[in-house]
Amino acid sequence: MPSLLLRMFGHAEIHDGVEVLDVGTGCGYGAALLARRLGDDRVTSVDVDPYLTKAAAERLDLIGLHPRIVTADATGPLTGEYDRIVATVSVRPIPPSWLQVLRPGGRLVTTIANTTIIVVADKTPDGGAAGRVMWDRAGFMRTRHGDDYPPDELADRFREIHDREGDEVTRGRYPVVEVAEAWELQSMLEVVAPGIEHWYDEDDAGRRTALMVHPDGSWARATAMRDEAPIVHQGGPRRLWDLLDRIRHRRLVEGSLPLYGSRVRITPDGVIHLRRGRWTAVIGP
């Protein structure tokens with residue numbers, strides 16, 4: 001998605017003379033754009049996957065571009081100093097090493113893992129950063145720390161709860177929604193209750209089923225025809241569907257959710273503090 005990458009660079013306000021750390025080399029497309037715009041010596045691109053960095057460097061060489069390509073875990077120690085950090089992978093929280101290599105007044109642009117929110121923040125004198133959640137959306141794969149992502153330990157849980165009787169069975173307030181495609185809802189839910197995984201299906205007759213599971217053992221299943229109020233089964237220590245319904249109710253009452261457009265303060269350890277009006281939230285490890 002070239003236009004998405006350009007939007008991320010737009011948020012970073014790339015201009016002559018800046019040095020950029022491109023987090024997430026991938027195929028090398030972003031590094032190519034930056035190197036062509038700024039010059040090879042002002043671009044460093046990092047990726048944890050040695051195959052990707054090797055292939056990207058070879059592609060870039062074929063078109064006469066030679067930015068610095070580094071194979072490393074971008075969430076760990078980094079070298080150099082940069083005026084801009086642009087990540088096309090998502091993180092939670094901000095890696096402290098990014099703040100350490102960002103020059104005073106420099107800007108970082110990234111997305112938060114399992115959300116579609118874009119955080120844009122400028123380095124502050126205390127070693128942290130301050131900015132806002134943009135009125136824009138993007139989603140990237142989460143950073144990984146080795147050759148591959150760990151296996152999905154929650155996948156089997158969806159099969160386990162598909163027909164299970166809940167510890168509590170109630171009638172939901174709102175129709176079944178595909179949370180993963182309702183980006184504002186999904187992002188807000190991830191901020192207030194991180195780690196929930198979602199599954200959704202709609203059969204030919206229009207019957208919708210949504211499942212939610214969390215590593216703490218909480219789960220929910222909601223089933224209904226199209227716009228009907230669903231029957232909701234829930235179990236474990238928390239009521240996940242109730243959390244979702246409260247977010248949906250707030251959106252109806254207030255007309256929007258406070259996440260997008262919220263002010264951001266990032267402490268030197270990478271913890272993100274959000275505020276919009278009286279609403280506050282913290283995105284930590």
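In which sense, right-handed or left-handed, does helix 1 pass helix 2? Helix 1 passes helix 2 in a right-handed crossing; a crossing is right-handed if the near helix is turned clockwise from the far one by less than a right angle, and left-handed if anticlockwise. The model is predicted, so local features require pLDDT of at least 70 and side-chain atom pairs count only at pLDDT 80 or more, whereas totals for chains, interfaces and linings use all residues. Residues are numbered from 1 along each chain as its sequence is written, and side-chain values use heavy atoms, with hydrogens and water left out.

**Helix 1 and helix 2**

- The axes of helix 1 and helix 2 come within 11 Å and cross at roughly 50°; axes are lines fitted to C-alpha atoms, for helices over the stretch in contact, with angles from 0 to 180 degrees between N-to-C directions.
- Helix 1 and helix 2 are therefore oblique to each other, since angles under 35 degrees count as roughly parallel, over 145 as roughly antiparallel, 65 to 115 as roughly perpendicular and the rest as oblique.
- Helices (H or I, at least four residues) and strands (E, at least two) are DSSP runs, numbered from the N terminus.
- P2, L5, L6 and F9 of helix 1 meet Y29, G30, L33 and L34 of helix 2, where contact means heavy atoms within 4.5 Å.
- This contact of helix 1 with helix 2 has seven nonpolar, one polar and no charged residues; Ala, Val, Leu, Ile, Met, Phe, Trp, Tyr, Cys and Pro count as nonpolar, Asp, Glu, Lys and Arg as charged, and the others, Gly among them, as polar.

**Helix 6 and helix 7**

- Helix 6 (residues 183-192) and helix 7 (residues 240-254) have axes that come within 10 Å and cross at roughly 125°.
- Helix 6 and helix 7 are therefore oblique to each other, and their crossing is right-handed.
- Helix 6 contributes E184, L185, M188, L189 and V192 to the contact, and helix 7 contributes L243, L244, I247, R248 and R251.
- Seven nonpolar, no polar and three charged residues make up the contact of helix 6 with helix 7.

**Second largest pocket**

- The second largest pocket has a volume of about 540 Å³.
- On a 1 Å grid over the protein atoms alone, a pocket is an open set of points where a 1.4 Å probe fits, with protein on both sides within 12 Å along at least five of seven lines, and lining residues have an atom within 4 Å of a point.
- Grid points are joined across faces, edges and corners, and a volume is the space filled by probe spheres set on the points.
- The lining of the second largest pocket has 28 residues, of which G24, G26, D47, T88 and V89 are the closest to its centre.
- Elements giving two or more residues to this lining are helix 1 (2-12), strand 1 (20-23), helix 2 (29-38), strand 2 (43-47) and strand 4 (82-91).
- Helix 1 supplies the largest share of the lining, four residues.
- The lining of the second largest pocket divides into 17 nonpolar, six polar and five charged residues.

**Backbone features**

- Most residues other than glycine have a negative phi, and most peptide bonds are trans.
- R92 and P93 are joined by a cis peptide bond with omega of about -5°, and P93 lies in the loop between strand 4 and helix 4 (96-101).
- N114, a residue other than glycine, has a positive phi near 65° and lies in the loop between strand 5 (102-112) and strand 6 (117-123).
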